[in-house]
Amino acid sequence: MFQREFALRLVAKPGSKLYCRLSINTQLLARVDHLMKVGRNNFRPPPKVESSVVRIEPKNPPPPINFQEWDGLVRIAFVRKNKTLSAAFKSSAVEQLLDHNYRVHCSLHNTEIPENFKIAEKIQTVLKDTGYSEKRARSMDIDDFIRLLHGFNSEGIHFS
């Protein structure tokens with residue numbers, strides 16, 4: 001049993017106003033069902049909030065995803081869930097993080113980085129190639145984020 005607002009965030013679907021990082025991460029790792037509302041009048045003394053009962057069934061086996069990578073991508077996308085992904089990835093802090101991770105990845109795999117390399121161009125290329133450049137995090141489902149993560153990882157861009 002959870003506070004109603006929290007329970008509704010757990011079960012929120014893409015496009016819903018309540019859809020957020022909590023929703024997508026919970027639904028990645030578990031099946032979540034809203035079972036019933038519990039009114040405040042069922043308690044003594046009555047609380048100031050409504051409650052809901054939610055069933056959370058962990059997926060077994062869990063999906064074969066590096067959760068740190070996944071969470072890094074989802075964090076960036078949901079900082080401003082109404083912004084397009086293209087705009088969300090233009091933040092200088094995001095570009096610095098991904099540039100650093102890209103350089104570490106290249107050094108570990110003995111890959112040479114071109115002299116005129118710009119991470120911002122590579123990020124925008126991946127977003128365009130995957131077709132998510134103009135999408136917004138609030139409307140993307142788990143499969144969309146998995147495809148996007150795969151697109152970034154296949155280009156050597158990592159989030160952890």
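**Exercise 1. Which residues are buried in helix α2 (residues 21-29)?**

Before we start, a word on the model: it is predicted, so local features need pLDDT of at least 70 and side-chain atom pairs count only at pLDDT 80 or more, while totals for chains, interfaces and linings use all residues. Residues are numbered from 1 along each chain as its sequence is written, and side-chain values use heavy atoms, with hydrogens and water left out.

*Step 1.* Buried means under 20% relative accessible area, exposed over 50%, and partly exposed in between, using a 1.4 Å probe and protein chains only. Helices are DSSP runs of H or I with at least four residues, strands are runs of E with at least two, and both are numbered from the N terminus.

*Step 2.* Go through α2: Ser23, Ile24, Asn25, Thr26, Gln27 and Leu28 are buried.

*Step 3.* Now look for the cover, using contacts (heavy atoms within 4.5 Å). What covers these buried α2 residues includes α1 (4-11), β2 (30-38), α3 (67-78) and α7 (142-154).

**Exercise 2. Work out whether Lys122 counts as buried or exposed, and find its partners**.

*Step 1.* Locate Lys122: it is in helix α6, residues 119-130.

*Step 2.* Check the accessibility. Lys122 has 19% relative accessibility, so it counts as buried.

*Step 3.* Skip the neighbours within four places in sequence, and Lys122 is in contact with Tyr102, Phe117, Glu155 and Ile157.

**Exercise 3. Describe the fold and overall dimensions of the protein**.

*Step 1.* Tally the elements: there are seven helices and three strands, running β-α-α-β-β-α-α-α-α-α along the sequence.

*Step 2.* Take the radius of gyration over C-alpha atoms, with a globule rule of 2.2 Å times the number of residues to the power 0.38. The protein has 19 Å, whereas a compact globule of 160 residues would be near 15 Å. Its C-alpha trace spans about 70 × 30 × 25 Å along the principal axes.

*Step 3.* Finish with burial and contacts. Buried residues are 38% of the 160. Of the contacts between residues at least 6 apart in sequence, 66% join residues at least 24 apart.
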